[in-house]
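I am opening my notebook and looking things up one at a time. Come along and keep the picture beside you.

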Amino acid sequence: MNGLLASLQGAVAQGILWGIMVLGVYITFRLMDIADLTVDGSFALGACVCAVLVVNKQVNPVIALFAAMAAGLVAGAVTGLLHTIFEIPAILAGILTQISLWSINLRIMGGKSNLPLLKTETLISGLSDALGLTQAQASMIVGIIVAIIVIVFLYWFFGTEIGSAMRATGNNEDMVRALGVNTKMTKLLSLTLSNGLVGLSGALVCQSQKYGDVGSGTGAIVIGLAAIVIGEVLMGRLTPFYWKLTSVVAGSVIYFVIRALVLRMGMNANDMKLLSAIIVALALCIPVAVSKYRLKKEYSEGGEEEC
Amino acid sequence: MLTISNVKKTFNKGTVNEKKALNGINLHLDEGDFVTIIGGNGAGKSTMLNMIAGVYPIDSGKIVIDGINISREPEYKRAKYIGRVFQDPMRGTAANMEIQENLAMAFRRGRIRGLGWGIKSSEKDYYREALAQLGLGLQTRMTSKVGLLSGGQRQALTLLMATLQKPRLLLLDEHTAALDPKTAKKVLELTEKIVDEQNLTAMMVTHNMKDAIQIGNRLIMMHEGRIIYDVSGEEKKKLQVEDLLERFETASGEEFANDRMMLGQ
């Protein structure tokens, strides 16, 4: 029982830290209606930048977080430029950046694919030492604080004139352009901001798990989409914006708890990505299937007879 | 006010689908002109409005508003001068955003957007009044999502949004064509009211010859990317639908004659 509790704590902590990444995915996927595949690369980028700075350069772990976020911002901006200035479809632009980040991440790590942070102090290990908490509890506290800051920031930002213009761009590009908004700018900004959060999340997870890995972002986009979907199912779709943002992080926590449970039940860890993909696929398929079924059911050959 | 000189546009240049959409357009609008535009399919009516709005770049020529050459400005920069209502009611508004949020977006047309609140509480009274002017009861539904409105309501809202910040030029691209006759009439009345009250300069594409004659002070007819008929003032008031049809047939007839001549050679 103790083992279960500990693994659940760990799962909740991971869920919150990954939740920052999911908030980034939420910006592009839900607000801007862009499927941005940069995420897998920029998550690992954040982790790698953080690991190298903390281990090799002895940089303060908090500053390393900001550096990782900045790296994510740049990665997002590259995708944004490819998509807006050179009009490459968003999915392809994201894939190009993601692929190139694989090589870049290896270069950042000096050719190694994994860099442990075991002996170095991180924000999270520092906190757990100072307060006598477990690694998971310290991760949870750091995660909750960062998540609250990010949610408050996003809530404010998407209420501003620029933020409103960004939301409207995801809604109806023709309209906002006709109302004098440079939609290339808003898209670029959203991709940049989104990947900045993803990079930050990668760095937090790196500090929490005590290693940076070039493969740590693989499948991040699917985890992000699954978490968004889980959050929406749980919290409904017609809630105020701050609830939507909160539900995104909650979705991420639930995703990691489910993962911990099924792994404990003996599922092969390698099958987890398949399960995530199935969750997302189902979430995207069900609304379509339901509406098709309704249409079919409502059809009657003789026309409407009753009513 | 608006001067268009020798504007040309060819789509898909150098391919089998090459289409000369605008064939040297020359047009001058005075302050307060309300021009209706008629013409057959593919005559270049919508293309002309799109060129003025900057949806696509023009191949050659010049578009000048208030002495400012906007020929090469991107669409979002021209929005400073131009208010637009599209044919499709879905295109003019953001469905997932509130009515007041849409208005707030429109209120900021032509202004630099910063990090101030996207909608200030002080603006809301103004929006409420403006919505009341439409006479559709929308002032009580300011926080409803626009997606819940009917096509006619959305089109009326778009019209309000296009004129919330007085535009130098209002472009109406068959903005009543997708509505049922009753709603179309209502939106058209609103259009006339708003244009009249604000003394706007406006261009309206329509397929309804009667509307084209009754509304505005000037009428132009387009054919194959050219303006072939331009009438204003008293002469326009006296026009009959038959006159326009005749004009139209003459124009296409000449084209027909030309074709025959070419074949004959």
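This is a predicted model: local features need pLDDT of at least 70, side-chain atom pairs count only at pLDDT 80 or more; totals for chains, interfaces and linings use all residues.

**Entry 1: a sheet in chain B**

I began with an open sheet of 4 strands in chain B, whose order is β2-β1-β4-β5 with antiparallel pairing. Which strands stand at the edges? I found β2 (19-29) and β5 (68-69) of chain B there; each has a single partner strand, so one side of each is left without a neighbour in the sheet. A reminder to myself: strands of a sheet pair through backbone hydrogen bonds, either parallel or antiparallel.

Next I looked at β1 (residues 2-11) and β4 (residues 60-65) of chain B, which run antiparallel and are joined by 5 bridges. Within β4(B), the residue opposite B:T3 is B:V64.

**Entry 2: strand β6 of chain B**

Then I turned to β6 (residues 82-85) of chain B and asked whether its faces are covered or open; both are covered. B:I82 and B:R84 are buried on one side, and B:G83 and B:V85 are buried on the other. Its link to β7 (residues 169-173) of chain B consists of 4 bridges, and the two strands run parallel. I noted that B:G83 stands opposite B:L170 in β7(B).

**Entry 3: cavities**

How many cavities of 30 Å³ or more does a search of the whole structure find? I got 3. The largest cavity holds about 80 Å³ of space. Its lining draws on both chains, with A:M175, A:A178 and A:L179 among the residues from chain A and B:G83, B:R84 and B:F86 among those from chain B. The elements that give two or more residues to this lining are α8 (173-178) of chain A together with β6 and α5 (151-164) of chain B. The most comes from α5(B), with 3 residues. By class, I wrote down 6 nonpolar, 3 polar and 1 charged.

The second largest cavity has a volume of about 60 Å³. I listed B:L49, B:N50, B:A53, B:R84, B:V85, B:F86, B:L171 and B:D173 as its lining. Here α1 (45-53), β6 and β7 of chain B each give two or more residues, and α1(B) gives the most, with 3. The classes are 5 nonpolar, 1 polar and 2 charged.

**Entry 4: pockets**

I moved on to the pockets. About 1,200 Å³ of space lies in the largest pocket. I recorded the lining as 14 nonpolar, 10 polar and 13 charged residues.

The second largest pocket comes in at about 490 Å³. It is lined by 26 residues, and A:W18, A:S216, A:T218, A:R259 and A:K273 are the closest to its centre. By class I have 14 nonpolar, 9 polar and 3 charged residues.

**Entry 5: rings**

A search of the whole structure gave me 15 aromatic pairs over all chains. One of them joins A:W156 and A:F157, a tilted pair with 6.3 Å centre to centre and 55 degrees between the planes. Is each ring residue buried or exposed? I found A:W156 partly exposed, with a relative accessible area of 30%, while A:F157 is buried at 9%. In chain B, the ring centres of B:Y126 and B:Y127 are 6.1 Å apart and their planes are at 45 degrees, so this pair is tilted. B:Y126 is partly exposed at 36% relative accessibility, whereas B:Y127 is buried at 0%.

Ring pairs also link a cluster in chain A that includes A:F153, A:Y155, A:W156, A:F157 and A:F241.

The charged end of B:R91 sits over the ring of B:F86, 4.1 Å from the ring centre. B:R111 lies over the face of B:F107, with 4.9 Å to the ring centre.

**Entry 6: one last residue**

I finished with A:T246, which is found in helix α11 of chain A. At 29% relative accessibility, A:T246 is partly exposed. Its C-alpha atom is separated by 40 Å from that of A:Y299, a residue 53 residues apart along the chain.

Conventions: Residues are numbered from 1 along each chain as its sequence is written. Chains are lettered from A and ligands numbered from 1 in the order in which they are written. Side-chain values use heavy atoms; hydrogens and water are left out. Rings of Phe, Tyr and Trp (its six-membered ring) pair if their centres lie within 6.5 Å; planes under 30 degrees apart count as stacked, over 60 as edge-to-face and the rest as tilted. Buried means under 20% relative accessible area, exposed over 50%, partly exposed in between (1.4 Å probe, protein chains only). A charge sits over a ring if NZ of Lys or CZ of Arg is within 6 Å of the ring centre and within 35 degrees of the ring normal. On a 1 Å grid over the protein atoms alone, a cavity is a set of points where a 1.4 Å probe fits but cannot get out, and a pocket is an open set with protein on both sides within 12 Å along at least five of seven lines; lining residues have an atom within 4 Å of a point. Grid points are joined across faces, edges and corners, and a volume is the space filled by probe spheres set on the points. Ala, Val, Leu, Ile, Met, Phe, Trp, Tyr, Cys and Pro count as nonpolar, Asp, Glu, Lys and Arg as charged, and the others, Gly among them, as polar. Two strands pair if DSSP finds at least two bridges between them.
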